[in-house]
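I opened my notebook beside the viewer today and wrote down what I looked up, step by step. Here are the entries.

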Amino acid sequence: MSLPLIMGCVWVIAATITAMLPMKRQMVPGMTLIVLAPVLLIWIGLAHGLLWVGLGLLAFLSMFRRPLIYFARRGLGLPVELPVDLQK
């Protein structure tokens, strides 16, 4: 297995562990994973082609759908709702 795919697997494991953390502790590792995802997808694309980028993009969108919806709504100027845990 190539290094980009191994790093993709490590990214998925890190995302899974981050999801198990309490909501308040997910912010920093979650943002780090969101920032690293495009870099990792480009690296995978250069090494293996667009099919694997598409599969990786689907995994990324599936795992981070809530934060991405939040950032999209905020970017469009629409009202956003924070989870109950973060409203305090």
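In which helix is threonine 18 found? I looked it up, and threonine 18 sits in helix α1. I kept in mind that this is a predicted model.

**Entry: threonine 18**

I then listed what threonine 18 touches, leaving out residues up to four places away in sequence: Gln26, Pro29, Gly30 and Leu33.

**Entry: α1 against α2**

Helix α1 covers residues 3-20 and helix α2 covers residues 27-48. Their axes come within 9 Å and cross at roughly 160 degrees. That makes α1 roughly antiparallel to α2, because angles over 145 degrees count that way. I noted the crossing of α1 past α2 as left-handed.

Which residues make the contact? From α1 I wrote down Leu3, Pro4, Leu5, Met7, Gly8, Trp11, Ala14, Ala15 and Thr18. From α2 come Pro29, Gly30, Leu33, Leu36, Ala37, Leu40, Trp43, Ile44, Ala47 and His48. Sorted by type, the residues of this α1 and α2 contact are 15 nonpolar, 4 polar and no charged.

**Entry: alanine 14**

Alanine 14 is also in helix α1. I found alanine 14 partly exposed, at a relative accessible area of 28%.

**Entry: the nonpolar core**

Which residues make up the largest nonpolar core? I counted along the list of 9 residues: Trp11, Ala15, Leu33, Ile34, Ala37, Leu40, Ile44, Phe60 and Phe64. Both α1 and α2 supply at least two residues each to this core, and α2 gives the most, with 5 residues.

I then followed one core member, tryptophan 11. Not counting residues up to four places away in sequence, tryptophan 11 touches Leu33, Leu36, Ala37, Leu40, Phe60, Met63 and Phe64.

**Entry: α2 against α3**

How far apart are the axes of α2 and α3? I read 8 Å, with a packing angle of about 160 degrees; helix α3 covers residues 50-63. α2 and α3 are therefore roughly antiparallel to each other. Here I noted a right-handed crossing of α2 past α3.

On the α2 side the contact uses Ile34, Ala37, Leu41, Ile44, Gly45 and His48. On the α3 side I found Trp52, Val53, Gly56, Leu57 and Phe60. This contact of α2 with α3 divides into 8 nonpolar, 3 polar and no charged residues.

**Entry: valine 80**

My last stop was valine 80, in the segment after α4 (65-75). Valine 80 is partly exposed, with a relative accessible area of 33%. What does valine 80 contact, beyond its neighbours within four places in sequence? I wrote down Tyr70, Arg73 and Arg74. Valine 80 and tyrosine 70 are 10 residues apart in sequence, and 6.5 Å separates them in space, C-alpha to C-alpha.

Methods: Residues numbered from 1 in each chain as written. Predicted model: local features only at pLDDT ≥ 70, side-chain atom pairs only at ≥ 80, totals over all residues. Heavy atoms only, no water. Axes fitted to C-alpha atoms, helices over the stretch in contact; angles between N-to-C directions. Helix = DSSP H or I, 4+ residues; strand = E, 2+ residues; numbered from the N terminus. Parallel < 35°, antiparallel > 145°, perpendicular 65-115°, else oblique. Left-handed = near helix turned anticlockwise from the far one by under 90°. Contact = heavy atoms within 4.5 Å. Nonpolar A, V, L, I, M, F, W, Y, C, P; charged D, E, K, R; others polar. Core = buried A, V, L, I, M, F, W, Y, C linked by side-chain atoms within 4.5 Å. Buried < 20%, exposed > 50% of the residue type's maximum accessible area, 1.4 Å probe, protein only.
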